[in-house]
Amino acid sequence: MNCLLVAATSREIMPFIRWYQKNTAACPVAADILITGAGMLPAAWSITHQLHISRPDLIIQAGIAGSFDTATPPGSVFAIGSEAIADLGVQENGKLLSIFDMKIMGPNQPPFKKGWLPNPGKSWLKKTGVPAVKAVTVNQVSAEKKIIRQYMEKYQPALESMEGAALHYAALRAGVPFVQLRAVSNYAGERDKAKWKIKEAIGALNHTLIRFVINLEN
């Protein structure tokens, strides 16, 4: 099996890279590493460009994320079942309207379904061994309580990232199976990075990622 492992930064998957370098021969899959840079545009371009070069059997995106639920312990790892682009729309009269609300785009225009970018690969999600949740992708990390409240009311997401929707969109359009893994490093709205648990999140993320890759052929 050939896999494309995608991350915004090398730091987020460095433990996996080191493990893979030592265990390449024994690993049940061949993995190509793609570091896209942060944000939807770099991720979308990098993934699409790579798919034109080589078509993998599975794309795995791994990274840290912010949680909307303060009861979720930092270091918790999730698979993303559905993604929405939370800030693609307009703020009007105190309300958040999506491009679907504005009738600019139909909510079921491919690859969207009811305004979401779902992962149809239920068997792949199950193999991760972690809960599957909904997430939103944003261009600007959520900091204001009003915005956070709007996202929660409209989308009921568990997590937010800056690249997830790019993976879902590109992979769905290309018809390539994919999995997105995210580990909680902070809570949405917490801007004091001294309180973020990045090291713990990266450790938990890579533990899950290595276990998932090892079990892919089972």
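Which residues touch the most other members of the largest nonpolar core? In this predicted model, that core comprises 33 residues, and the ones touching the most other members are Phe16, Leu58, Ile60, Leu181, Leu209 and Leu216. The points below take up the core and then the aromatic pairs.

- Helix 6 makes the greatest contribution to the core, giving eight residues.
- Once residues up to four places away in sequence are set aside, isoleucine 60 touches Cys3, Leu4, Leu5 and Val6, and it also touches Val179, Leu209, Phe212, Val213 and Leu216.

**Aromatic pairs**

- The structure holds five aromatic pairs, and one of them joins phenylalanine 100 to phenylalanine 112 in an edge-to-face arrangement, with 5.1 Å from centre to centre and 65 degrees between the planes.
- Both of these phenylalanines lie in the loop between strand 6 (95–98) and strand 7 (117–118), where they are 12 residues apart.
- Phenylalanine 100 counts as buried because its relative accessible area is 14%, which falls under the 20% cut-off, and phenylalanine 112 is likewise buried, at 6% relative accessibility.
- Elsewhere, Phe16, Trp19 and Tyr20 are linked into a cluster through ring pairs, and Phe16 is also among the core residues that touch the most other members.

Definitions and conventions
Residues numbered from 1 in each chain as written. Predicted model: local features only at pLDDT ≥ 70, side-chain atom pairs only at ≥ 80, totals over all residues. Heavy atoms only, no water. Core = buried A, V, L, I, M, F, W, Y, C linked by side-chain atoms within 4.5 Å. Buried < 20%, exposed > 50% of the residue type's maximum accessible area, 1.4 Å probe, protein only. Helix = DSSP H or I, 4+ residues; strand = E, 2+ residues; numbered from the N terminus. Contact = heavy atoms within 4.5 Å. Phe/Tyr/Trp six-rings, centres within 6.5 Å; stacked < 30°, edge-to-face > 60°.
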